[in-house]
Every structure is written in C-alpha cells, then in structure tokens.
Amino acid sequence: MNWIIAILQTTLFVALAPFLAGFMKFCKCRLQNRRAPSLFQPYRDLLKLTRKQPVISEDASWLFCAAPYIIFTAMVLAASVVPFIAVDLPTSAEADVIVLVGFFAFARFFLALAGLDIGTAFGGMGSSREMTISSLAEPTMLMAVFTLTMTASTTNLSGAIEHVLNEGLILRPSFVFALFALLLVAVAETGRIPVDNPTTHLELTMIHEAMILEYSGRHLALIEFASQLKFMLYGVLISNIFFPWGIAEDFGLSALGYGLLVITGKLIFLCVVLAFAETAVAKMRLFRVQEYLGFAYLLGLLGMLSHIILESTR
Amino acid sequence: MILFLAYSAILFSFASGGIAVAHLFKPNINKQLVFWLLGASGLSAILAGLSELISPEIRLDTLSLGLPWIPWHVHFDSLSAFFYLIIGISVFAVSFYAPHYTHHEQKNAENFAILSLFTGLFVAGMMLVLLADDAFMFMIAWELMSVASYFLVAFQHENAANRRAAFLYLLMAEVGALLIILAFGVIASFAEGFTFDELRASTLSTTWMSIAFVLALMGFGMKAGLVPIHVWLPEAHPVAPSHISALMSGVMLKVALYGLIRFCFDLLPEIHWQWGVVLLIVGTISALSGILYAMMQPNLKRLLAYSSVENIGIIIMVLGLSMIFLANDHEELAAIGLLAALFHAFNHSLFKNLLFLGAGMIHHQTHELNIDMLGGLIKKMPKTSMIFLIGCMSISSLPLFNGFVSEWLAFQTALQVDVLDNGVLRSLIPVSAAALALTAALAAACFVKVFGLIFLGVPRSRHAEKAKEIEDKGMLFAPAMLAGLCFFFGIFPSSMLHLIDNVSKQLLGSMLPQKEVLSFLTLAPVSPEQASYTAPLILIGALIAAGVSFWVLHRNFETTLRIAPTWDCGFGGLTPRMQYTSSAFTMPLRRIFAKAFLIDEKVEKTMRENTKLNVADVRYSLVIQDHSWIRVYQPIERGVNRVAKQVGRIQTGNIRTYLGYSLATLILLLWVVSL
C-alpha cells in the first residue's frame, strides 16, 4: 500500500512539473506587462516535441541519444526520493539527501557529456560552464542540507522533515542561513536569472541552452521535461525542508488531499517570489557567478557553524 | 593453508620474474609462462585475502631468512589480508592485460626480461610488506618494492625526462624509507626488540609517540603522495608502462596506506585526536589541490596520477576522522570511518587501475596521451569507451557505482560530529566535509573533461582518426573485469563492507554498531533512521523509469531519426579545431582558483604589414606549475647544493691533504678506542 502511494506521489510530481514551469512563466509575463501563455502551454510544447522528427548530427554517438533518457531517469528518481505531499514513504528510505545530490550529479554528468558529443564550440562552452558552476554550487547545497541534517541527526529527508515538524516553530539562525544558501543555489542550479537565462540563445551568456543546442524532437522534450522536474524538485525541497507544516503524516485521503493543497500553495508563493526577483535583477557576467556562489557558500558555512556553536545541545 | 596461499602468491611472482630471465638464456621457454605465473600469483593472493577475511584469525610464522640471528617474522591478519586482496585483484587483471600490451617489448628479449623481472620483484615486494611482522623484514620488503619499481619507472630510459623522473622517484623513495626507519627506531628504542609484538608493548611518552607519528606520516605520506611531498608521483607514474602505472597508482600507494594504518592504529600504543586533526588537514589539502592540478593536466596519465593524489587525500582525511572518533572513545564511529577509508582505498584501486589500463589502451591504439590530440574515439573504440566510461563514472562518485558508496560513508562519518565535545573539532570537521563535497564536484568536472574530450566530439588528430578497437581479448578482459567489479560493488557494497568490518574489529575491537543494518540490500551504517542507501532498489527504479519513458516515446510517437550534418550557423567549414580543448574547458575554473596554481600564460601576436589590427599569426602557450615544486623543493635543492659546496671545500685535490686527513682520522680512532 505504501509503495503504491509512493509511486502515485512520484507520478503526480512528474505530471505537475510542466504546470509549475507554466505558472512561473505566467508570473513573469504578468510582472513584465506581457500577456501570458496558457498555463498548459508547457504540456503542449512537450507533446509537440515528441511528435516531431528528431534530427541528429552525423558526428553524434550513441551517448547523444542515450543521454536524454538517463537525465530524465535521474530526475524521476530524485522526484521519488523527495517528500512531496507525504512523509515516511518507503521510497524516501531507499536514498537520503546525499544520494539526491548524487542523482543531480548523475544527470549533469551526462548532460555535459552530451554537450561535448557533437564537437561544436557551443556544446563545449556550455559543458565547461555548467561543470564550473555546479562544482561550486554542489558543495554549497550539501552544506545547507547538512545544517539541517545535523539538527535532525539524520540525512534521511523524511526523518529530517518529521524532526522539524515535531519541534514546532523555532527560529534557528542556522536554518535562516541555510535557507538563503539553498535559495541561491537553487537559482544557480536550475539555470535562472541572474546566473543563466533560460530564454536566451546568445553565445556569450548561455549555459544550459548551449549544451542542448543540438537536441531536437523527443530528445529535446525529455531534456526540457527533466529541467522542469529539476526546477520543481528544488522548489519542493526548499518549501518542505524549511516549512514542512501541512505535509501529510498519515496516508488517509483527507491528509493527502490537504498535503497536496498546502504544497501547491507553498510552490505558488515561491514562484511569485522568484518571479519578482528575476524581474528585478539583471543577468550577471559569467565571472561574477563565482562571487555569487562564494557568497552562497559562505552562508552555508555560517549556517553550519551557527548550528554547531549556538544551537547544539552540548 | 591460508599462509601457504599467501606464500605461494609471492613465490609465483618471483617465479614469473625468474622465468623471464631464464627465457633470456633458453629462448625455447614459453614467454607466456611469465604472465600465467603472474596471474597465478594474483589469484592466490585473492584467495588468501578472501579466505582470511572470511575466517579472520591472526596467523603467525617465522622464516629463517635474512640475518642468521634475526629470523623473519611473518603474520597474516585481516588488515594484511584486505590489502592482499587489493594487490591480488590488480595483479590478476594486469596479467591478462600485459601479454598483448607488451608485445612490442617482447620482440627484444633483454627488454622483456628486465620488464618482467622487476614486475615480479615489485609485486613480491608489495606482498612481503604486508606479511612483515618485524621492522627488519618490513624495511627489506619496502626497499625491494621501491627499488624494483624504480627500474620499472626507468624502463624507457632513452628519454631524458624519464631518467629524471626515475631519479626523483628513487630519491623520494629513499628519503621516505629513511623517515620510516627513524619512525620504527623511535618506538624500538623504548621496546625490547624489533618484532611488531614487542613494538606494540613499548611504553613511550606522548612526545616520543608524536615524533614517531610525524616521522611515519612523512615517510609513508611520501610514498602515498600527500601534498606537498607528492611531486614525484605525477612525474614517475606517467613514464612507466601503463600496466605498471596501474599497479603503482592502484596498489603501491595502498601499500603505503597500509603502512600508515599498521603504524598508527596497530603499533602505536595510543592515538591522540591531534594526530587525527593533522591527517584531516593534510588529507583535505591533498584532496583539493590534487583534483585542481589534475583538472589542468592535458596529459592523460599525469592527470590520473594527480587524481590519485586526490583520492589518497580523501582516504587520509577519513582516516583522520576515524582517529578523532577513536581518541574520543567513540569506537563505533571510528569503525565507520575506518570502513569508509578502507572501502575507498579498495574502490580507488579498482577504478584507478581501470583508468590507467584504459589510458594504456588509448596510447596503444593512437600513440597519443595528450587529451587535446584525441577525440571521437567512442565510435572507433566502442568497447574501450564503454569500459572507460564506467571508470569515469565511478571515480566521479556517481550513484550506482562504487566510488559513491565510499564517499557516502565518508560524509556519514563526518556528520556524526555532534557527539564530540571539543569546539575546534566540531567546527573543523564540517568544514572539511564541505571541502570533500567540493572535491567530489571538481572530480566530476575533471572526468567529464577526460571522457568528453577523448571519446566524444570529432577526432583532433590523424592518430585519433585512424584508431581501431583493441582486438586482443585479454587486454579487453582486464579492464572489463575491473569495470564489472566497480558496478557490482556499487550495487552490493555490503558484500565487501562485511569483510572490511573484520578489519575494524581486529584494529579497533569494534564493529559496526548494528550488524543487521548492514544487510544485503540496504546500507545503513549508523542506524536505518539516520541514513540508508539501497542501491539495488534504485537500480530497479532507474530501469523502470528509463524503460517506461522509452516505451512511451517509441510506441506512441514513433518517428525515425534523421541524420544530418552539424549545423554550422550557415558559415560553413566546421573543423575539429573549433572544439573545446582541455585548457579551454578548464579555463573558468583556472580563473576562479587562480591562486592555487602558478600560471604562465602567453599570447604572442604577429601583425601583418605593421598594422595594429591585422593579425597574421597568434601563438598561445600555457604552462601551469605546482606550487610545491617552487615553494618546497627548489629551496631544499638549493640548500642541499649550498651545503654540498661547503663540504666540498675540504676536497682540495692535493694528495698531501688527503694523507693528512687519513692521519687525523687514525689518531681520532685510536683515541676513541683507548677511551
């Protein structure tokens, strides 16, 4: 029974990801005084892409065609691990938060390799930048998450969330630092302004788009879907780790329904905040990103140290 | 029986070297016998290691070898057996790889004899180090290992750079050996004798213990390649033949680790947390600078050598954690740390061996090791590329592969810091955990570069374009076997961890807190509530997700692929030179971590017809150097030279002066005797 709920939750997660991307686009359009596309436009785009004939370069190897499936799979696995509407599901016991970061690394590894596969300068540029940024962002993310896991003394996401729920609302300085560090990392890792701009194809600035420039058809659909999933994963992770209230603790129908409602609200709030931030901030130069991520790293470190120095029970 | 297996492993490798020499005089001996014996040596080492780990028991023996009044004491316990297993697997793999790889050397009987003789001696030396139960035998075996490997590094001595590298290696190995002798000497001066049992019983003051620890750390660290005494490693490993580099990087560094673990956890009567801090800091620095330097290397084997520095750094770091927990009376947590360190050593021996063998295959087929000259090999060498990809994924610690499991265990150890009371430790350990995370992420970037530039894209040189797949089955089997093991231990890590648990039981007297949580499927070192990792289920989930997505896309929207030329933005004329190169790929990281390197970047432009804008020719050169070479080695070198010059003054070249010296010495000795 628990397994069925876990699988259903993962399916729901995957199904809702394009909707969140559509909503994000909607918020940004409204803030920029533009008419927004329908909230279901991402679904239509994906469907359109899957029907199109994929064009592949002569120089592409098997890895180029396999990479989209691998990336998508890694993201689906990550989605199955993160508690979405209920905690204590069996899937979250099979992998903890370090494994979650590992899934992201797995997807990124193949995305960067796919970028190098065709042998164009764009692909190499994208891969090089992506690996640079992620190698700075990944430790920050781990630091932020470790702050939480040390408080809860478990690296299991479900366990950590339950710990926060049981403790009730306590203002911990370490959590504030970790929250901001994770927010900054989430922006960098999902390729959003000010680190990367998902809507540009200008060679000087693009990172994610440069790697997937050669993709088309169903391969592109999978990669787009995977990056929408990644966006939602970070959203759910941030909202459920730091504000877990409302998440279903038993598997009754009403609890699950309430959980779904609450997480939708949290995600909508997060999207609006992010849309405001993206509209207000300009994209930064590539070599300013290190300062941005360095700041995030510092926040993560401060969070961890303030946990150890201020909050520990000893 | 188990000791017999252990001995036979050594005898087989001696015999392998002996047959090679005999072949020089009796050419009708089958040359392949050399490799069969080497394989037999590997196999018996695996069997000896496994059976000892399954039924742990300390087996002692004395051999009446060596000096007449000091027999060699031999012991074989779980720790030795574990490292025996590491050696066995690598030697076994190499014995399949070498016959075809060395077919060029086999044409020249002399070269072949030299190579095989010293390979045999080298392997035997490493195994003898593990068997030694007294300081004498340990040092003799250690020297056998060092000197034999010197001849292997110097094997292609026609090249002046190789001779230089080999000399540097010998020098460092001997200085290291001296330090180890001193370390043993410090303990022995407080003990009854030189056997390990007597050393264990010695009573030292804390100061002397710390001195012994520092000497041992420097001595073994020199062999293992800790920063800043690692400089010989990236010089020596690339110049040896690839299967030897694989043994040196995959196995010999582990023997140095064995020495350090034996010395600190077994011989020294106590462990202080300050030593753990030293190991933690040294390990962190080694790991970070190792991977940063690795990233910048355009030469594949040099890159792999630097990556060994990184991995050894990680292992030392986790050993430091283990020491800290042990000194604070948390034996169970120390056991997790030791488990993580040993498992990472095991994993590193698998994937580094695999990658060096892969580098040898690439070199064998293309005669090229410069990453910037390769490319597109995935189509020319599909099997090699698949094997190499698994190696890259393991070393980048991606889930489902073995490298991830040991890194996961390392993080789990570091996160237990809350049990400690000391404020310094409580803030130091998380920082080093963050550095470990950075190292892992950089390693992934580094190996994306390696695989992407070598195997993907378009060939960058004629050699790469003409490369063909390796046809020899043995040469493919060896790395394929290692790749299989990498994957197997990534999915079922518990099978190995159960065996390593016996080592920590022997050394620390403590096993993992809950035996039952280390089940076949799930890995939960502390408790299932705290952390768990179920690789088999993740694999099943991955297969389902990939299968469903593939099925949906191919069933419902079946469209054929269209193959077309790469889009060139309408300008035409895409060339392989437009691809990213090694230095281009790492440019952002080079710029961000500029302080970590000594960068000499030059751009020379020649202008056409004295104009300022019309560039005729551009030359770009980039030299990246290690800080430790300039900051540590050159000052020492200058100092030694200066002292030598001062000492040289007494050599006047005048025979009367020398006779005077003799007379003075004679008088001095007479005076000493008469005292």
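How many helices and strands does chain A have? Chain A has 12 helices and one strand. Chain B comes to 26 helices and five strands. The model is predicted. The two chains touch each other, with 65 residues of chain B in contact with 69 residues of chain A.

**Chain A overall**

- Along the sequence, the elements of chain A follow the pattern α-α-β-α-α-α-α-α-α-α-α-α-α.
- The radius of gyration of chain A is 19 Å, close to the 20 Å that the globule rule gives for 314 residues, so chain A is as compact as a globular protein of that length.
- The C-alpha trace of chain A spans about 60 × 45 × 40 Å along its principal axes.
- Of the 314 residues in chain A, 61% are buried.
- Take the contacts in chain A with a separation of 6 or more: 79% of them are between residues 24 or more positions apart.

**Chain B overall**

- Chain B has 675 residues, and a compact globule with that number would have a radius of gyration near 26 Å. The value for chain B is 27 Å, which agrees.
- Its C-alpha trace spans about 100 × 70 × 65 Å along the principal axes of chain B.
- Buried residues account for 55% of the 675 residues of chain B.
- Among contacts in chain B between residues at least 6 apart in sequence, 78% join residues at least 24 apart.
- Chain B is divided into domain 1, residues 271-486, and domain 2, residues 597-675.
- The centres of domain 1 and domain 2 of chain B, taken over C-alpha atoms, are separated by 34 Å.

**Where the chains meet**

- The chain B side of the contact has 65 residues, and the chain A side has 69.
- Several elements of chain B give two or more residues to the side that touches chain A, among them α15 (377-380), α17 (402-414), α22 (535-556) and β3 (562-564).
- Helix α18(B) gives the largest share of that side, 15 residues.
- By class, the side of chain B that touches chain A has 44 nonpolar, 14 polar and seven charged residues.
- A strand from each chain takes part in pairing: β1 of chain A (residues 55-57) and β3(B) run parallel, joined by three bridges.
- Within this pairing, I56(A) has I563(B) in β3(B) as its bridge partner.

- A95(A) sits in the loop between α4 (90-94) and α5 (97-117) of chain A.
- Is A95(A) buried or exposed? A95(A) is buried, because 29 other C-beta atoms lie within 10 Å, and 20 or more count as buried.
- Leaving aside neighbours within four places in sequence, A95(A) is in contact with V81(A) and L100(A) in chain A, and with Y533(B), T534(B) and I538(B) in chain B.
- V81(A) is 14 residues from A95(A) along the chain, and their C-alpha atoms are separated by 6.5 Å.

**Helix α11(A)**

- Helix α11 of chain A covers residues 253-280. At 1.5 Å a residue, its 28 residues should span 40 Å. The end C-alpha atoms are 41 Å apart, which agrees.
- The buried residues of α11(A) include I263(A), L267(A), L270(A) and L274(A), and also K266(A) and E278(A).
- The cover over the buried residues of α11(A) includes α1 (2-31) and α10 (217-242) of chain A.

**Buried positions in chain B**

- M361(B) lies in helix α14 (residues 331-366) of chain B. M361(B) is buried, with 29 other C-beta atoms within 10 Å.
- Beyond neighbours within four places in sequence, M361(B) is in contact with T384(B), I470(B) and M475(B).
- I470(B) is 109 residues from M361(B) in sequence, yet the two are 7.5 Å apart, C-alpha to C-alpha.
- F12(B) lies in helix α1 (residues 2-25) of chain B. F12(B) is buried, with 24 other C-beta atoms within 10 Å.
- Not counting residues up to four places away in sequence, F12(B) touches L37(B), A40(B), S41(B) and S44(B).

**An open strand in chain B**

- Strand β5 of chain B (residues 615-625) has 11 residues, and the number buried is zero, so β5(B) lies largely in the open.
- β5(B) pairs with strand β4 of chain B (residues 598-607) in the antiparallel sense over 10 bridges.

Terms used
Residues numbered from 1 in each chain as written. Chains lettered and ligands numbered in written order. Predicted model: local features only at pLDDT ≥ 70, side-chain atom pairs only at ≥ 80, totals over all residues. Helix = DSSP H or I, 4+ residues; strand = E, 2+ residues; numbered from the N terminus. Buried ≥ 20, exposed ≤ 12 C-beta atoms within 10 Å, placed from the backbone. Contact = placed C-beta atoms within 7 Å. Domains from an automatic or database assignment. Nonpolar A, V, L, I, M, F, W, Y, C, P; charged D, E, K, R; others polar. Pairing = 2+ DSSP bridges. Rg over C-alpha atoms; globule rule 2.2 N^0.38 Å. Expected span 1.5 Å × (residues − 1).
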